Amino acid sequence: MSRTVYVNGDYLPEEEAKVSVFDRGFLMADGVYEVTSVLDGKLIDFDGHLKRLARSLNELEMKNPLSDDEWLTIHRELVTRNDLVDGMIYLQVTRGAADRDFLFPVDAEPTVVLFTQSKPGLAQNPAAKTGIKVISIPDIRWGRRDIKTVQLLYPSMGKMMAKKAGADDAWLVEDGKVTEGTSNNAYIVKGGKIITRHLGNEILHGITRAAVLRFAREAQMEVEERAFTVEEAKEADEAFITSASAFVMPVVGIDGVALGDGTPGPVATRLRELYLDEMRKAAI
Ligand code: PDD
């Protein structure tokens, strides 16, 4: 059965969903995106994703083409039309189609595309029980990683490097410090303290990160927002990543070095439970 996809105001079978070859998203990666998880047919932390979308668009001098209510209606309509129980909704806004030029076109209409990805049992991902292994690679992305643009070539290459090295993902390193994962935020735990890079232009301001740090602080866990090195990570008691699709995922190895006893640590395990419980309750 074919999916129903949203394109510029229409709900279409995926085979009929098309955008222009002149779209600046296609030609120049001139677009932004969001990924919102769906659990039991409900949207997880939808508000956070809408706020970041508005910020990304604003940073690139693009108008937000829809109101918050309109965005919500489309998300819900796609869940219904695709019978989505567990999975993700991908949303992309590009500057639109215009004759190829480096300058931003003045009158292009933004292109809006949304589609669903079904992931049955998303919250029961078996990897959460075993943990994942990461390698470290240089962070050679551009300097505005706080904007969630569709320039995902290097993150893709990073995941391929990890796969070739027999690992699951890569952590990116700049000036000797870990910035984040290819598609997630990175954390270590030492002596019970959760350490994750401070916000700035160097990392994406993860929506999951914000929620997890809030729950951690509410549960009286100590949080330190600062950069850390790969060496420090290798000596940590445990590590984990967060993202809208992975939630909280334990990391059990870095560059071939096992962390702790090589199994998911108690802090990551507890934060995953806390996050999923709380976010399911608040889902809309
Ligand atoms: N990635 N850092 C990067 C570089 C990311 O691409 C993502 C999300 C995150 C985590 O942000 P959030 O918690 O808001 O999902 C951090 C999404 C899931 C993706 O590209 O599929």
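Q: What do the buried residues of helix 2 pack against?
A: This is a predicted model, in which local features need pLDDT of at least 70 and side-chain atom pairs count only at pLDDT 80 or more, while totals for chains, interfaces and linings use all residues. Residues are numbered from 1 along each chain as its sequence is written, and side-chain values use heavy atoms, with hydrogens and water left out. The buried residues of helix 2 pack against strand 3, strand 4 (42-43), helix 3 (68-81), strand 5 and helix 6. Helices (H or I, at least four residues) and strands (E, at least two) are DSSP runs, numbered from the N terminus. Contact means heavy atoms within 4.5 Å.

Q: Which residues of helix 2 are buried?
A: They are Phe46, Gly48, His49, Leu50, Arg52, Leu53, Ser56 and Leu57. Buried means under 20% relative accessible area, with exposed over 50% and partly exposed in between (1.4 Å probe, protein chains only).

Q: Why does arginine 52 count as buried?
A: Arginine 52 counts as buried because its relative accessible area is 8%.

Q: What does arginine 52 contact?
A: Leaving aside neighbours within four places in sequence, arginine 52 contacts Glu34, Lys148, Leu204, His205, Gly206 and Ile207. A polar atom of the arginine 52 side chain lies 3.1 Å from the backbone oxygen of histidine 205.

Q: How many residues does helix 2 have, and what comes just after it?
A: Helix 2 has 14 residues and reaches 20 Å from its first C-alpha to its last, close to the 20 Å expected at 1.5 Å a residue; the expected span is 1.5 Å times one less than the number of residues. Just after helix 2, glutamate 61 takes a positive phi of about 55 degrees.

Q: Changing topic, how many residues are in the largest nonpolar core?
A: That core has 30 residues, and those with the most contacts inside it are Leu39, Ile194, Phe240, Phe247, Leu271 and Tyr275. A nonpolar core is a set of buried Ala, Val, Leu, Ile, Met, Phe, Trp, Tyr and Cys residues joined through side-chain atoms within 4.5 Å. Helix 8 gives the largest share of this core, seven residues.

Q: What about the sheet: in what order do the six strands run?
A: The six strands form an open sheet in the order 2-1-6-5-3-4, with antiparallel pairing. Two strands pair if DSSP finds at least two bridges between them. The edge strands, strand 2 (10-13) and strand 4, each pair on one side only.

Definitions and conventions: Polar contact = N/O pair within 3.5 Å; in protein donor to acceptor, adjacent residues only side chain to side chain.
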